[in-house]
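This briefing sets out selected structural features of one protein. Please consult the sequence and the model while reading the points below.

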Amino acid sequence: MNNKSNIIIKISSFLMLVMLLCIGMQFQVKAAEKASFPKKSYTMYEGNVQHVPVSYKGYDDYCNSWDILFYGEYVKSSKPSVLMVNEVGDFIAVATGKATVSFCDAEGNVLAKTTVTVKSGKCTISKDKVTIYEGESEVLRLKSSKHKAVSYEYSVIDAETMKGCYNALDVFVDEAGKYTFSAKKPGKYYVDFALMTAEGKRFSKRGVINVKPCGLEKYNYAVAKDDTIELEFLNAKFDSVSVNYWYDSNGNWISYEDDEHLMPIIIDEDSCSITGFAKGETHLWLSYKTPLDKLVQKELVVYTTTPEYTPFDGYLWSGESFMLNITNASRYSEYDITVSNDKIAEAVVTDDGITIIPKKTGKCKLYITVDGVEFEDTINVLNTSVPNQTVILREGESYQCDISVPEDIKVKYSSSNEKVAKVSKTGLIVAKGLGNTIITIKLLDREFAFLLTVGTDMGIKAAEYAMDKVGKASYSQEKRMQEGYYDCSSLCWRSYASAGVYLGDSKSYAPSSADLGKSLKDKGCVIATDGDFDIMNVLPGDLIFSSRGNNGRYLNIDHVAIYSGSELVTLSADDYWFYEMYGIEIPENGLDGYTLSGTMVHAGSGGGGVYLGGYPSFGVTKLIARPSLKY
């Protein structure tokens, strides 16, 4: 056989192998995740309910064939108005028509389909569409010449959300298929009137119920003492009002009125108005007539308030929020508020009351109305732009605190460690040496503090590189030097390589964590040999080596993480109580009510890639190294 024939045979064999591999791969992909319904199509009748399981084979062997439980998420109907699918896999025929039911994977890809045709259930109701007013009632009958009913059912669906809604209509059905329902809530609703046969079959007919608003917009009012509110009715006519009982200002329950027990309100039925007389809570029975002249009675509660406002005393601080001190109001009180200059302060009305959000130094007027009672106040704002996170500097760099205050107000600055940084009377901070210091600012009756860290250029750059990879990279020892993949030691090595520093005397490949630890020890970069190291002395870029047990390597090291920085934490009264209760000493790094919390960047399978952890957070610390000492 000549060389040409050999080449042809080899090429043919190679192509055949590639083809087989492709077929195998295609088969594996198709077999990896697939689903099917028992039938390609179904025929149902209005009101029928049928459980349709899905045969599913997923990526894991344990789910070779099972009924999907999360139907609401994975199994969907193309026309819920024709066919609905509930959370346990029941197909519910709603109205005549055709719908496609799809089974999708978590990404929304369709794995299986079936078609459902819904035919008439041979049921009729006396009216397909009904419009009534809130508080009115209607009677409908469900009949069928084909199906003999043994019982009757119903379901109410909000037409806007297509979800069950049973607080909108009160429905009563008797044994003869007579449905009596009362409208409770305005809106448009679908009602499926259904009958059950002796064979267990369900047949239904859908009706549309439109409920229009009628009566008062609300049934809880707040009125200030000596103020008056008028009741305004919508699609209704006032009939009468009577007092049921009330609570006086001391919370005493009272059901009668005399010289000693005066009612908190005065009612004028002619003008349909209520005037506040004294603080209290009055429960009334209100009667009105609907457009169909039906008499409706509902409870009306009126809260008589005596609002009081306590003005702000002193300055408000920008960057914080302050709740107005309003007392003797109710949870149904109506608030209105404006400020003369919304660039200085902003007012926000919530269910809890009124919040003032100061913005910048200055003064503005505050105008408040509570249940018709007006108040006025002047707001003085001081801009205290204190950093809400750690400020990181290199040696020799500076940072200016931005505190804008009037000239007659003194600001005092201090540094807990002037060897690390000094701060001037004007708030200029100059970094002097490596370490952490707490910068404290005292202003009138307030004290603000933030952490200032002075680190090395290479350490800060390495820590920034590692932080940038959090949540963006995967863990892999095999691909540890490839883009997008890291293990613990390659993350630390590559972080420093980004700053032009190659640890372990290798410019092409990261050593293991144990080898990296030994190399830094031999180089003279170790600043601590155990975990008992004051966090005030740990800096961005420091490497923390740890061990979870014996492994025969240097100091049994099996992990390394890079320190990203510290945060200032305020010690609360609960913290001190906790330390005292359990006999725990306050952390050594605690200073004037503050302590530090550290963060490390890890690469590991447990964290799913590159992730953050507290300091220390992995095994027993063996070494803490600072490469900038010798590199």
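The points that follow are grouped by topic, beginning with the overall architecture.

The structure is a predicted model, in which local features need pLDDT of at least 70 and side-chain atom pairs count only at pLDDT 80 or more, while totals for chains, interfaces and linings use all residues. Residues are numbered from 1 along each chain as its sequence is written, and side-chain values use heavy atoms, with hydrogens and water left out.

**Overall architecture**

- The secondary structure comprises six helices and 52 strands; helices (H or I, at least four residues) and strands (E, at least two) are DSSP runs, numbered from the N terminus.
- Of the 631 residues in the protein, 42% are buried, where buried means under 20% relative accessible area, exposed over 50%, and partly exposed in between (1.4 Å probe, protein chains only).

**Nonpolar cores**

- In soluble globular proteins, nonpolar side chains tend to be buried together.
- A nonpolar core is a set of buried Ala, Val, Leu, Ile, Met, Phe, Trp, Tyr and Cys residues joined through side-chain atoms within 4.5 Å.
- The largest nonpolar core has 39 residues, of which L324, L366 and I368 touch the most other members.
- Apart from neighbours within four places in sequence, I368 is in contact with Y309, L324, I326, D336, I337, I354, V373, E374 and F375.
- A second, separate core contains 28 residues, including A473, V501, I557 and V610.

**Salt bridges**

- Side chains of opposite charge can pair when their charged atoms come close.
- The count is 21 salt bridges, each defined as a side-chain nitrogen of Lys or Arg within 4 Å of a carboxyl oxygen of Asp or Glu.
- E46 and K205 form a salt bridge in which the closest N and O atoms are 3.9 Å apart.
- Because E46 lies in the loop between β2 (41–45) and β3 (49–51) and K205 in strand β17 (residues 202–212), this pair ties together parts that are 159 residues apart in sequence.
- E46 counts as buried, at 2% relative accessibility, whereas K205 is partly exposed, at 23%.
- K461 and D457 meet in a salt bridge of 3.2 Å, N to O; both lie in helix α3 (residues 457–468), four residues apart, which is about one turn of the helix.
- K461 is partly exposed, with a relative accessible area of 37%, and D457 is partly exposed at 36%.
- R394, D457 and K461 are linked in a network of salt bridges.
- D558 forms a salt bridge with R548, with 3.4 Å between the closest N and O atoms.
- D558 and R548 both lie in the loop between β48 (543–547) and β49 (559–570), so the pair ties together parts that are 10 residues apart in sequence.
- D558 counts as partly exposed, at 21% relative accessibility, while R548 counts as exposed, at 61%.

- R494 is located in helix α4.
- R494 is buried yet has no salt bridge; the nearest side chain of opposite charge is that of E483, 4.3 Å away. For charge, Lys and Arg count as positive and Asp and Glu as negative, whereas His and the chain ends are not counted.
- Not counting residues up to four places away in sequence, R494 touches Y465, R480, M481, Q482, E483, G484, Y485 and Y486.
- Helix α5 (residues 513–523) has buried residues S513, A514, L516, G517, S519 and L520.
- The cover over the buried residues of α5 includes α4 (488–497), β47 (526–528), β48, β49 and β52 (620–625).
- G524 follows α5 and has a positive phi, near 90°.

- W253 belongs to strand β23 and touches Y245, W246 and Y247, not counting residues up to four places away in sequence.
- The C-alpha atoms of W253 and T282 are separated by 9.9 Å, with the two residues 29 apart along the chain.
- L262 lies in the loop between β23 (253–254) and β24 (265–268) and counts as partly exposed, at 42% relative accessibility.
- L262, I266 and F277 form a nonpolar surface patch with about 260 Å² of accessible area together.
- Patches are made of residues with over 30% relative accessible area and no salt bridge, with like charges joined within 9 Å and nonpolar side chains (Val, Leu, Ile, Met, Phe, Trp, Tyr) within 5 Å.

Technical notes: Areas by Shrake-Rupley, 256 points an atom, 1.4 Å probe, with all protein chains shown as cover. Contact = heavy atoms within 4.5 Å.
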